[in-house]
Amino acid sequence: MKKFCIVLKLVFGAVVLAVSSNLAFASELILFSEEEMVVTASRYEQKISEAPSAITVITAEDIHQSGATNVPDLLRMVPGIDVMSVTASDFNVAARGLNHRLYNKILLLVDGRPVYLKLLGLVLWESLTFSLEEIERIEIIRGPGSALYGANAYSGVIHIITKSPEKLEGTSISFTGGEYNTYLGSLIQAGVMDKLDYKVSLGWYQTDQWTEEKEEMEGIPRGNVAVGYKFDDNSKLTFSGGHGETVGELAAGHIPMEKEGTTDYFQADYNFKDLKVLAYWEGVDGEITDLTTLLTDKQKSDTYEMEIQQTLNLLEKHSIVLGGNFRHCRAESDTLKDRKQEQDTWDFYLQEEFKPIDSLSIVVGGRYDYHPLFGDHTTPRTSVIYSPVKNHTFRISAATAFRSPTFFEFYTETSTEVTVETGLPFPFPPTIDIELPTVGNEDLTPEKITTYEIGYQTFLMERVKARVDLFYNQYKDFINARAGAWYLPNEVFPGSPAGPKYYTYLNRGESEGRGGEISVDVLITEWLTGMVNYSYQEIIDLEDDILTFEDEKDQRRKESPLNKVNAELRAKLKNGVSLNVNVNYVDEVELWSYHKLDPYTLVNVRLGYQINDNLEIAVAAFNLFEDEHYQYTPGNIPGLVFGEEIGRKVTGNVNYKF
């Protein structure tokens, strides 16, 4: 924390001096002449101040100036978002706490299409099919989103929106290289020909693990193709498809595992005025190898989905969005019951925004989901947005969400052999081998969350943007792996309970969370901007679950940091020089109920020079001051996989467009 405070003083000392020296010119400098527009909060375009959710936008310029080489590192600067780097190729991203390995409580969308591994419900971030240069913006909703997006939009929604061919027109080449054998490249060609437009992108991603003793990471190719035809000003049909791959370690508990696979998709979008139709197929084909037994589980899944949505604007006072969705999922794995399972789910959602007066909006909506195993599920949401005076907006919201059990939680049927030390003298054996099956539970119900929020945002002097969001969460029915009726053999441990021995998944646990986020953006001069945000989150266990023992009830869950602070200073000069400095402080955490991770401070810097309109060169440093730290439990038991110590990485970048 001390190092962070020093850096923060240096960065924002310059901010304060510049603000005081330039305050007289406030009327001439306009930072927010056009308010940001978002589409994710209500499924139609609206001003960010009118959105019924706490939402943050990362723009293409933010991405470009950050120097980041992957999406999770971009998300570190968003208030309320937790990013855990287990290794250089394994990330977990969470919203407002509960961060842990294999995190599956946040929904990732790419151009409206859900992107996550259906077997486990998690996101393989390195398998995304596009390069950072293709992203137009990222909209991040903090808090439940199931009222419009259904399962997995439990604690938030991250929506990545890629650039249109019009924005990418021409040819652009980007190459990044640096330490740890880091190589990133992209080649994008896009064009518009009368009613037809297209874009083609090819990319490459490679970086070694932080631990030098480990094998070098293989390069990952990625690519996208999109072709659109505009019938007239009101209707357009677009076909797109892409390919991505994943390699590297996977932190599935402390068992060392390696993952390898491919992700492919094909998507069709049709827009006619306010009618939207989306259909897609996604196929994931890969394998996970247990490095202790060298057993490999081949996994394959196919998802087919179709969604129809209509937006209606009635009498300029009512905006109604309604839609429906059908999804067919098929999964194959050696660890699933009968090795193959299928699910058909469907839903219907409806939201109305009513404006009785110009300064007041009332948003009411909800979603009905049907699942073949747990049946019906509804998730309502309501918000009131009030702007008593210009540039000042208040919001009160209540919402619910759920996470559906995954294929593995429903249908797992596998067995693992474990060795237990008896600690008993001769003639008892010193160790025994126990076959420990894991069996899915088809009677599981979804994990549930209810959220109450209060928000306020303002624009001051068209130079300062400030936002405050406070929340209170109620969690219930956590899904955890627990011993069903595990016992030790009576011949070794007399008196052990009889019956089958197995692990299964159960709904168990109830918690409450509270916290909030504060963020401030400032235009200091016409070439200098600053940002700072602070997040606080606290989750209390109310009853026993897998991570809670009897004497730990009513105690804070410590796997997520209590405090986080981000700060950024960005300069862009007329001579082509640009400088971006961002600071990310994360409080201490405690994982696995026994290992504390120290707080850490990341200072990331990017220095760029725009040689001409077509060519830019830059150098970037991740963790500039080499604050070596762990974001996941470090390795201290031989043969098991743990987190890697995060170090410093320096890269250079060249961007050329023609």
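## Basis and overall make-up

Residues are numbered from 1 along each chain as its sequence is written, and side-chain values use heavy atoms, with hydrogens and water left out. Because the model is predicted, local features need pLDDT of at least 70 and side-chain atom pairs count only at pLDDT 80 or more, while totals for chains, interfaces and linings use all residues.

The protein has six helices and 37 strands; these are DSSP runs numbered from the N terminus, with helices (H or I) of at least four residues and strands (E) of at least two. Of its 658 residues, 55% count as buried, where buried means under 20% relative accessible area, exposed over 50%, and partly exposed in between (1.4 Å probe, protein chains only). Among contacts (heavy atoms within 4.5 Å) between residues at least 6 apart in sequence, 62% join residues at least 24 apart. The protein exposes about 29,000 Å², of which carbon and sulfur atoms supply 58%; accessible areas come from the Shrake-Rupley method with a 1.4 Å probe, and for residues only the protein chains shown count as cover.

## Salt bridges

The count of salt bridges comes to 39, a salt bridge being a side-chain nitrogen of Lys or Arg within 4 Å of a carboxyl oxygen of Asp or Glu. Lys-572 and Glu-61 meet in one of them, at 3.0 Å from N to O. This pair links distant parts of the chain, with Lys-572 in strand S31 and Glu-61 in helix H2 (residues 60–66), 511 residues apart. Lys-572 is partly exposed at 48% relative accessible area, and Glu-61 is partly exposed at 30%.

Lys-118 bridges to Glu-282, the closest N and O atoms being 2.9 Å apart. Lys-118 is in the loop between strand S7 (113–114) and strand S8 (135–142), and Glu-282 is in strand S16 (residues 275–290), 164 residues away in the chain. Both residues, Lys-118 and Glu-282, are buried. Arg-395 and Asp-469 also form a salt bridge, at 2.8 Å from N to O. Arg-395 lies in strand S22 (residues 392–403) and Asp-469 in strand S26 (residues 464–476), so the pair ties together parts 74 residues apart in sequence. Shared partners join Arg-395 and Asp-469 with Arg-96, Arg-142, Glu-453, Arg-467 and Glu-517 into one salt-bridge network.

## Aromatic rings

The whole structure holds 14 aromatic pairs. Rings of Phe, Tyr and Trp (its six-membered ring) pair if their centres lie within 6.5 Å; planes under 30 degrees apart count as stacked, over 60 as edge-to-face and the rest as tilted. Phe-407 and Tyr-411 form a tilted pair, 5.8 Å centre to centre with 50° between the planes. Both are buried and lie in helix H6 (residues 407–411), four residues apart. The rings of Tyr-475 and Phe-478 have centres 6.1 Å apart and planes at 25°, so this pair is stacked.

Arg-557 lies over the face of Phe-478, at 5.3 Å from the ring centre. The charged end of Lys-118 sits over the ring of Tyr-116, 4.4 Å from its centre. The criterion is NZ of Lys or CZ of Arg within 6 Å of the ring centre and within 35 degrees of the ring normal.

## Nonpolar surface patch

Met-193, Leu-196, Val-200, Val-225, Val-227, Tyr-229 and Phe-231 form a nonpolar surface patch, with about 550 Å² of accessible area together. Patches are made of residues with over 30% relative accessible area and no salt bridge, with like charges joined within 9 Å and nonpolar side chains (Val, Leu, Ile, Met, Phe, Trp, Tyr) within 5 Å. Strand S12 (196–206) and strand S13 (220–232) each give two or more residues, and S13 gives the most, with four. Tyr-229 is in strand S13 and is partly exposed at 36% relative accessible area.
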